[in-house]
Amino acid sequence: MAHANHIRAIRRTLRREMPSTVGLIADAHDFAAMTRYRSFAFDDHTAYLRQVEGLLRALAAQGAHTTVALFDPDEFTEFCTSEGLDPDTADSRTRFTAELAAGGACVAYAGQPIDSLVPQLINKAVRKATWEYATLLLAEAGECAECGQDIGRAAFDRASHLVLSLLEAAGPGTHHLVCSIPAQAEQLIAVLHAEREGFEPVRLDETDTAEFVTVLAAGIALHSAGGLVLRTTESGTPDRLHGWRLHQGLLDPLTAGEVFSAYCTDAATGDPLAPEPDVEYRAGFPVDQPDSHH
């Protein structure tokens with residue numbers, strides 16, 4: 001008996017140390033596509049989400065570290081075709097989920113309700129797709145006809161330098177940067193959150209920074225139009241909004257009036273929007289000198 005208990009204890013320990021991945025079908029349309037498989041036991045998306053939530057809670061209660069991965073039926077079908085698997089088996093779904101853990105859109109489960117987990121997961125997938133597309137655009141930019149330099153790499157280096165210069169010049173506070181680049185297939189949007197206290201170095205998330213820099217670099221490499229806005233929050237003062245226009249690979253500061261109209265115009269209809277209270281609309285400051293640009 002003692003031996004059996006000892007084995008159970010070892011299994012429990014292993015269970016805690018073996019991270020789990022749970023594949024989640026976040027979208028009702030995607031869920032409907034999975035119901036065509038007879039081995040897929042669910043027929044109601046809401047009930048399915050509640051079941052997944054119960055599973056996540058049970059795993060957390062056992063002390064297991066769980067990652068939730070976005071399960072996409074189209075990618076699943078492609079995976080089964082390329083691996084020669086029957087898609088209508090639980091084993092194939094498990095193998096695909098294990099694959100997602102390595103490279104898919106994933107969110108760590110930390111007890112958040114399913115209603116906030118689903119948008120987190122979708123947001124992660126959108127960001128991942130944006131990053132991959134921007135990376136592809138950079139890779140396809142080729143070499144400069146005049147000097148033979150790799151355009152994508154040069155654009156990435158310049159974008160990194162610009163983002164750090166911009167945050168350095170922005171001073172202390174909580175900074176929220178948004179970069180928007182129109183590309184051939186879709187509008188690329190990246191967001192970066194940064195903190196700076198006094199004269200300390202800026203605190204940034206590495207992955208978010210890499211995504212943001214890649215999107216800005218794609219705009220620089222393609223000489224596409226685009227824009228960048230910075231919102232700075234400091235306690236006791238109004239929020240400050242600054243803006244820049246990406247033009248022929250350079251970041252040109254917008255005037256205070258242009259920043260105001262960018263924020264106070266409905267992008268879809270062109271109708272004016274009321275300015276936010278406690279917000280100062282300010283001109284962009286110079287961050288990009290033409291001589292720093294190849």
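The model is predicted: local features need pLDDT of at least 70, side-chain atom pairs count only at pLDDT 80 or more, and totals for chains, interfaces and linings use all residues. Residues are numbered from 1 along each chain as its sequence is written, and side-chain values use heavy atoms, with hydrogens and water left out.

Start with the three strands, which form an open sheet in the order 1-2-3 with mixed pairing. Strands (E, at least two residues) and helices (H or I, at least four) are DSSP runs, numbered from the N terminus. Two strands pair if DSSP finds at least two bridges between them. Select 20-24 and 106-108: these are strand 1 and strand 3, the edge strands, each pairing on one side only. From one strand to the next, the twist averages 30 degrees. Angles run from 0 to 180 degrees between N-to-C directions, with axes fitted to C-alpha atoms, for helices over the stretch in contact.

**The pairings.** Strand 2 is antiparallel to strand 3, over three bridges. Pick Ala69 there; its bridge partner in strand 3 is Cys106. On the other pairing, strand 1 and strand 2 run parallel, joined by five bridges. Thr21 has Thr67 of strand 2 as its bridge partner.

**The helices.** Now show residues 45-61, helix 3. Helix 3 packs on the sheet and touches strand 1 and strand 2; contact means heavy atoms within 4.5 Å. Its direction makes about 170 degrees with that of strand 1. Next, select helix 5, residues 90-103. Helix 5 lies across strand 1, strand 2 and strand 3, at about 105 degrees to strand 1.
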